[in-house]
Every structure is written in C-alpha cells, then in structure tokens.
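Try each task before reading its solution.

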Amino acid sequence: MAEAATAAATPLLPGLLDDVFIWEILVRLDPKSLLRCRAVRRAWRRATSTRRFLLAHHARQPAFPIADGDQLVLGVHLHDILAFDLRAAAKAHLHTVARLDQDFYLEASCDGLLVLSTFAKGGSGCCISICNPVTREHASLAGPPWDFTAFGMYLHRPTGEYRLLLQRGSNRDSPEEQIDCYVFPLGSDQPPRYIGWPDMESVVFNLPIQLRDNLHWYPYYHLSESEQLQSEGKPVIVFDTVAESFRQMHAPIVPTKSYLFEMDDTIGIYCNDGDKNTVSIWVLQNYESEVWDLKYRIRLPVEEIRGQFEGCNDYRDVNLWDVDVVSGDGGVLLLVSFGRWVLHIDTDGKLIDSFYSGLLGLRIYECRLKQSLVQHAFFPALEGYVVNASPFI
C-alpha cells in the first residue's frame with residue numbers, strides 16, 4: 001500500500017504536471033514512439049495503457065492512404081503493408097507498418113484494423129482475417145475456408161460491435177451471380193446475418209470510403225474495357241452502418257471505370273480518359289443535397305515522364321501506368337506508378353518529384369489507415385489468434 005501511495009505521489013516527469021505530460025505530450029506521439037516510452041518507466045506504461053488514453057491517442061493520429069506491395073529478400077517473398085505519408089520527403093513517403101510472410105488482399109480498413117483475405121489452399125474458398133499492424137495482432141474467421149468475401153468493416157455504434165459486411169460467394173468472376181449481403185459481428189459465435197443486397201446488378205466493389213457513419217463505393221461492372229470508359233450516370237452505393245441498409249447517392253456523369261477517394265471530410269471521384277493522359281477529379285460539395293463539382297482536370301506530362309525514365313520497365317506504355325489520387329493539406333496529388341517507380345504530379349500537371357519504391361506490384365488504395373493501440377475484446381475470440389507471430393515478420 002505504501003509503495004503504491006509513493007508511486008502515485010511521484011510525478012511522471014519531474015517539473016511537469018501529470019495531466020500536461022499525459023494529455024499534451026504523450027497523447028501526441030506516434031504509436032512507435034509511444035511504445036518506446038512505455039519501456040522507460042512502469043508508471044508511463046500504466047498511464048498510457050488505459051482505454052481512455054488509447055482512444056484519445058487514436059483520435060489524434062493522422063489518417064494515411066494505404067498501400068501494399070511485394071519484394072524478394074534473400075529469395076523469400078514478403079508482402080508489405082504501407083502507409084503513405086505526404087508530410088514526409090518524397091523518398092520517405094512510404095513507410096512499412098507491417099511485413100507479412102504471405103500474400104494477402106486488402107479488403108477494408110476501420111479504426112486501425114485491416115481486413116485481409118487470401119485464397120484457401122486448393123482454391124476452394126476464401127480465408128478472411130483481421131489484423132492490427134501496430135499491436136501485431138492477427139486472427140482468422142472461423143471455418144476456413146468461408147463461402148464469403150468481405151467488402152466492408154465498421155463500428156456499429158448502437159451496440160459498440162465491430163462488424164464485417166460480407167457477400168456470399170464471389171461476384172468477381174461471374175456477372176450472373178446475385179449479390180447477397182450479410183453482417184457478421186466480430187467475436188460472435190452465430191452465423192452471418194442476411195440483410196439483403198444493393199439494388200444493383202453485376203457490380204464489383206472496391207474498398208469502401210467511410211464517412212458520416214456510412215460506407216461508400218463507386219462500383220465497377222462486368223463490362224469490356226471500352227464499355228467501362230463510356231460515361232454514364234451510375235450512382236454511388238451507400239451503406240448506413242447504423243440502420244444496416246443500402247441506398248444510392250447521385251454521382252456525376254463519369255466513365256464507369258472511376259474511383260472514389262476521401263478528401264477533407266468529403267469524398268471525391270476521379271477517372272482517366274482512354275489513354276490516361278487526363279485525370280478528372282470531382283468533389284462532393286454538399287453531402288445532403290448530393291451536389292458535385294468538377295474540381296480539377298489534370299493533363300499528365302506524358303512526354304516529360306518518358307524522357308526522364310527511358311529504360312525503366314513499362315515507362316513507354318501509358319496503359320501500364322497506375323494513376324491514383326491522394327489528398328492532403330487541402331489539396332490533391334496524382335501518383336503515377338510503373339515498374340517500381342512512383343511519380344508525383346501536381347494539379348497543374350507538373351512532375352514535381354519521384355522515388356524508387358523497390359516494391360513489385362505496388363498498389364495504392366483509396367481508403368485510409370489511422371493507426372491504433374486500442375485493445376479489442378473480440379480478437380482472442382477469433383480463430384488462430386496470435387501476437388507477434390506468423391503472418392507477421
């Protein structure tokens with residue numbers, strides 16, 4: 001008792017009030033730095049392990065676009081999950097948040113948690129897993145392989161449960177397959193609950209954008225490449241995570257092959273023309289009235305890129321370039337990737353920077369990762385729960 005009283009009377013950092021040290025200094029640290037601080041003193045570990053502190057710390061973390069890619073190290077295949085930090089110098093934009101010993105597909109992101117999938121051995125179904133790349137926790141859904149694929153994850157605020165949005169089977173290869181949707185609370189011992197399906201046909205869902213307790217997709221369709229580039233007025237699909245129901249949102253008339261992205265607490269849609277020489281970016285100006293504005297039309301500096309990167313893989317064929325849009329500091333930036341290079345293009349169409357990622361198959365996603373040290377009760381209830389073990393390296 002006396003020892004505990006002495007510890008309570010000792011300031012966490014001499015010369016500073018504990019409240020200042022905790023809520024003005026420690027809470028602002030990035031997760032890696034905070035974990036290092038925990039190793040300095042037991043009192044610091046106790047102060048930064050409460051749920052109240054961890055939630056406040058998570059709320060202060062920046063939300064980075066997510067990327068992933070592969071590399072071979074001494075003949076071993078590694079799969080990296082990365083955060084794209086536009087605040088850093090170009091060569092430091094990509095930093096690894098997890099390195100895995102298997103190839104996974106990223107399906108969703110929510111509150112620092114990632115939903116991953118991989119094909120079961122023999123190709124008989126899909127294995128879905130959840131991971132926190134900061135705490136290095138990983139677990140799978142029971143019953144591998146499932147006849148489900150995940151296409152969303154969300155916090156159901158009325159119950160406080162984290163839930164997966166699932167679809168029965170895979171609609172990626174069969175345009176005739178009906179999309180049946182289910183909800184599954186993580187940690188539940190009950191089967192997924194059927195909730196219906198969106199009023200759409202033959203769609204494929206990209207990763208969702210979460211905003212205002214809703215998940216948003218601009219789906220693409222089982223069409224030929226030329227049909228995908230035709231401009232049509234297809235709606236944005238919205239899933240209300242409180243009512244757990246689907247609706248449609250008006251979208252601008254853009255090519256069917258277009259993509260949603262998050263921008264300053266709203267959403268945008270970007271698309272490329274047939275030759276990928278011009279990128280058009282629409283921004284939702286008013287969420288309630290569903291009013292969109294054509295914010296940018298950016299022409300890529302194709303000849304300048306070809307001149308600077310002659311000899312690099314895929315530099316000449318524009319159709320092999322991947323063009324993504326990321327937002328930050330009130331503006332947007334185009335990322336053009338080919339081979340293992342990533343180029344930065346500003347809204348004036350100027351090539352402003354480039355760096356060599358060293359990664360094969362680099363993919364930059366429209367959803368974001370907001371790193372978290374928050375502990376979740378559902379993790380130990382899932383199958384194969386591990387910490388600091390495979391698939392983490």
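**Exercise 1: Thr 48**

Thr 48 sits in the loop between α4 (42-47) and α5 (51-60). Helices here are DSSP runs (H or I, at least four residues) and strands are runs of E (at least two), numbered from the N terminus. This is a predicted model, where local features need pLDDT of at least 70, side-chain atom pairs count only at pLDDT 80 or more, and totals for chains, interfaces and linings use all residues. Residues are numbered from 1 along each chain as its sequence is written, and side-chain values use heavy atoms, with hydrogens and water left out.

Task: work out whether Thr 48 counts as buried or exposed, and which residues Thr 48 touches.

Solution, step by step:

1. Buried means under 20% relative accessible area, exposed over 50%, and partly exposed in between (1.4 Å probe, protein chains only).
2. Thr 48 has 1% relative accessibility, so it counts as buried.
3. Leaving out residues up to four places away in sequence, Thr 48 touches Leu 26, Leu 34, Arg 38, Phe 53 and Leu 54; a contact means heavy atoms within 4.5 Å.
4. Finally, look at the polar side: a polar atom of the Thr 48 side chain lies 2.9 Å from the backbone oxygen of Trp 44.

**Exercise 2: helix α3**

Task: find which residues of α3 (residues 31-38) are buried, and which are exposed on the other side.

Solution, step by step:

1. Pick out the buried ones in α3: Pro 31, Leu 34, Cys 37 and Arg 38.
2. Look down the axis of α3: the buried residues fall within an arc of 115°, so they line one face of the helix. That arc is taken from the directions from the helix axis to the C-beta atoms.
3. See what the buried residues of α3 pack against: α4 and α5.
4. Check the N-terminal end of α3, which Asp 30 caps, with a side-chain oxygen 3.1 Å from the backbone nitrogen of Lys 32.

Definitions and conventions
Polar contact = N/O pair within 3.5 Å; in protein donor to acceptor, adjacent residues only side chain to side chain.
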